[in-house]
Amino acid sequence: MDGKKINDYVSIRKVDQKVYPFRLVTQEIEVLPGFLWKPEDRPKSVEDMLNRKRTKGTTVPDQKKS
């Protein structure tokens, strides 16, 4: 960094998508293609997250055990 400006950065993970500096982001690429915002589905409490109903076909990925 130089003062409050970022001069360079190193990505921790490989990025396999297009990456744009914020100043070059246009309104067309601001939203992910196919993304649907559903605020009514947002949990409003911890209980909502723990007791939520899953729809048929929705799966939870298996977590690898260490």
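Modeller: Start with burial: of the 66 residues in the chain, 0% are buried (buried means under 20% relative accessible area, with a 1.4 Å probe and protein chains only). The model is predicted: local features need pLDDT of at least 70, side-chain atom pairs count only at pLDDT 80 or more, and totals for chains, interfaces and linings use all residues. Residues are numbered from 1 along each chain as its sequence is written, and side-chain values use heavy atoms, without hydrogens and water.

Now the pockets. A pocket is an open set of points on a 1 Å grid over the protein atoms alone, where a 1.4 Å probe fits, with protein on both sides within 12 Å along at least five of seven lines; lining residues have an atom within 4 Å of a point. The largest pocket has a volume of about 340 Å³, the space filled by probe spheres set on the points. Ile6, Tyr9, Lys18, Val19, Tyr20, Pro21, Phe22 and Arg23 line this pocket. By class, that lining has six nonpolar, no polar and two charged residues. Here Tyr and Pro count as nonpolar, Lys and Arg as charged.

The second largest pocket has a volume of about 260 Å³. Its lining includes Lys18, Tyr20, Val25 and Glu28. Six nonpolar, no polar and three charged residues make up the lining of the second largest pocket.

Methods
Buried < 20%, exposed > 50% of the residue type's maximum accessible area, 1.4 Å probe, protein only.
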